[in-house]
Each structure stands twice: as structure tokens, then as C-alpha cells.
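Student: I'd like to go through this structure with you and ask what stands behind the words we use for it. Could we take the labels one at a time?

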Amino acid sequence: MQNPMDNRDNKLDAEIIRLYESEPDLNALPGVLFTSISRLIDAEVVSFSEFHHASQDFRALVSVEDDPEKRARAMQAFARHRESHPFWQYDPAFYGERALRESDFFTDQEYVELPMAREAFLPSGARRMMAIVLQHADYVVTIVGHRVLNRPPFSDLERDRLEAFRPHILRSYRQAQERTLAKLTPADRLRLAFPALTPRQIEVASWIALGKSNDEIAGILDVGVDTIKAHVKAINSKIDSDSRRAAIVIAHTTPPFADLPPLWKLGLDAWGGQAQP
């Protein structure tokens, strides 16, 4: 009797294990995927884009250093021609759970004559493409593997590998969102919930959330207790409460998901970290 393990794809299994072992947040996830997908489907370049419907904001990252001006021209050309075929639109309903290749829709001759190819991809040497699209809540993620000129098309085996890897990417993406939210400090949560609070008021409210009295906060910040009382009064007015308890609860509770900005921005510019390109 044949052992089911004989049919396992060891290359796929290795990348699945690496993905879960890395435990990335949203900032680290693209880099992890760049490495895994490059190995899994033998792609020279991998791109990762993430779109947030509520804010209409997005980020687009690539696995290699590139010329910003050339990349900007390519993105402009892509925007001009993306409506020419569903393959370029990265609609989750069209892609479903499939990995799709440019060769699934165009012959080699047809592809090189497309305005999309001539203006967006071929100038940078990109020739072969295979993409997956993921949707979770208000977010759509597109991951594309690219091969350069003179490389062969992606094979059926490579397509099957990427499709099999897809549900693990989706699960890791959900977990990455949770890890990103878990890193929010009380000050971050207060800032998100009440953007009208000043930096000093955020600082005072954060100490309130840690159970400090007005006298203790005054000593920590080296100011008079009357100054702290004035801050507390302003904080209570802005959060529409006359109780310190409200600040404590909010500081230890993640704001409603729908009220948050794009999650990949948490921990970046406004939160004391490094911005992604």
C-alpha cells in the first residue's frame, strides 16, 4: 500500500513551515513572503500590494531594489491599462482561490503586443507573471511572482504549488494583523480612539490608564498637580466622560476594527517606527 507521504511536495512543505515559524506582523510579512515565493515558484521578483477599502489607501512593495522613477512610470502605465483585462484588475471574485498566469490568457505573440506589456512590464525586463489575490475583511492583498525576459512560463506544478500555499498565506495574513494590533501600547490606543487629544494629554491619559493618581503623574512629569488636573479635565471633555475609568478602559481596548486606519501604518511614522516604501 502506498504511503500518502510519498506524494508530499517537500518544497511546498518547507515553505509552509518557514512561514508559520517566522510569526511575522504586517511589517515583516512581505519580506517573509518574498523569500518563500521566490523559492517556491522560481521567480526573480515578487511584488506585494495591500489595499484598504475604507480609506482607499494602499501600499506596494517589491522584493528587489529598483529605480523609483522607472517604477513610478510603470505604475502609471499599469493604472492606464488595468481595465483592459480582468487579469490585471486583481478582483478577488475573478481570481477566487486560483493562481493565474499571463500565459493562461495570452499567447506569447499576443502578450508582447499588449500596451500593458509594452509600457508597464517589458521596459523593466519583466516578462512572466503569476498572481494570487486574497481578501480578508476590508483588505485585498495581491502577490505576483515575476520572471524576466527569456525565462520559461510558470509551469502547472508551480501554479499548483502557489495555489496550495495560498490558504497558508491568508491564515498568516490574519495572524499578522492580530500581532500588529497586539503591539499597540495604551498611548497608541488612546491616540487612535481620540485623535483630538494632544501629545501631553495622551501622556497623562496613559499614566491614568496605568492606575496613577494625579499627584503621582505630577511627580512623574515634574509639573504641578493643578496642571495635571487641568489636563484631566480636558481629556474627560474630549472623550465625553467625567470618569477616569473611561480612559483606562479605552487604553486597554483595541478600537473598533472599522475605525482603524490601514493596519500596516500602525507602528510607523506616527507611532515611532520606520515607514515602508
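Predicted model: local features only at pLDDT ≥ 70, side-chain atom pairs only at ≥ 80, totals over all residues.

**Labels and the values behind them**

Student: Which residues in α1 and α2 meet?

Tutor: From α1 there are Lys 11, Leu 12, Glu 15, Arg 18, Leu 19 and Ser 22; from α2 there are Leu 29, Val 32, Leu 33, Ser 36, Arg 39 and Leu 40. By class, the residues of this contact are six nonpolar, two polar and four charged.

Student: What makes Asp 13 count as buried?

Tutor: Its relative accessibility is 16%, and buried means under 20%. Asp 13 therefore counts as buried. Its place is in helix α1, and its side chain makes a polar contact with the side chain of Arg 8, at 2.6 Å.

Student: How do you know that this pair is a polar contact?

Tutor: The cut-off for the N or O atoms is 3.5 Å, and the Asp 13 to Arg 8 side-chain pair is at 2.6 Å.

Student: Is Phe 78 buried or partly exposed?

Tutor: Phe 78, in helix α3 (residues 68-81), has a relative accessible area of 19%. Buried means under 20%, so Phe 78 is buried. Beyond its neighbours within four places in sequence, Phe 78 is in contact with Trp 88, Tyr 90, Met 116, Ala 120 and Phe 121.

Student: And why is Val 45 called partly exposed?

Tutor: Val 45 has a relative accessible area of 21%, while buried means under 20% and exposed over 50%. The value falls in between, so Val 45 is partly exposed. This residue is found in strand β1 (residues 45-52).

Student: What does Val 45 touch, not counting residues up to four places away in sequence?

Tutor: Val 45 touches Ser 63, Val 64, Val 144, Gly 145 and His 146. Val 64 is 19 residues away along the chain, yet the two C-alpha atoms are separated by 6.6 Å.

Student: What makes α10 roughly perpendicular to α12?

Tutor: Helix α10 (residues 199-209) and helix α12 (residues 225-238) pack at an angle of about 95°, with axes 10 Å apart. Since 65 to 115 degrees counts as roughly perpendicular, that makes α10 roughly perpendicular to α12. The residues of their contact divide into seven nonpolar, two polar and two charged.

Student: Which elements do the buried residues of α10 pack against?

Tutor: They pack against α9 (186-193), α11 (214-221), α12 and α13. The buried residues of α10 include Ile 202, Val 204, Ala 205 and Ile 208. After α10 comes Gly 211, with a positive phi near 85°.

Student: Which elements have the lowest and the highest mean pLDDT?

Tutor: Helix α13 (residues 244-251) has the lowest, at 76, and strand β3 (residues 100-101) the highest, at 98. For the protein, the mean is 88, and 92% of its residues reach 70 or more.

Student: Where does pLDDT stay under 50?

Tutor: Over residues 268-277, for which the model has 20 contacts beyond four places in sequence.

How values were computed. Residues numbered from 1 in each chain as written. Heavy atoms only, no water. Contact = heavy atoms within 4.5 Å. Helix = DSSP H or I, 4+ residues; strand = E, 2+ residues; numbered from the N terminus. Nonpolar A, V, L, I, M, F, W, Y, C, P; charged D, E, K, R; others polar. pLDDT = per-residue confidence, 0-100. Buried < 20%, exposed > 50% of the residue type's maximum accessible area, 1.4 Å probe, protein only. Polar contact = N/O pair within 3.5 Å; in protein donor to acceptor, adjacent residues only side chain to side chain. Axes fitted to C-alpha atoms, helices over the stretch in contact; angles between N-to-C directions. Parallel < 35°, antiparallel > 145°, perpendicular 65-115°, else oblique.
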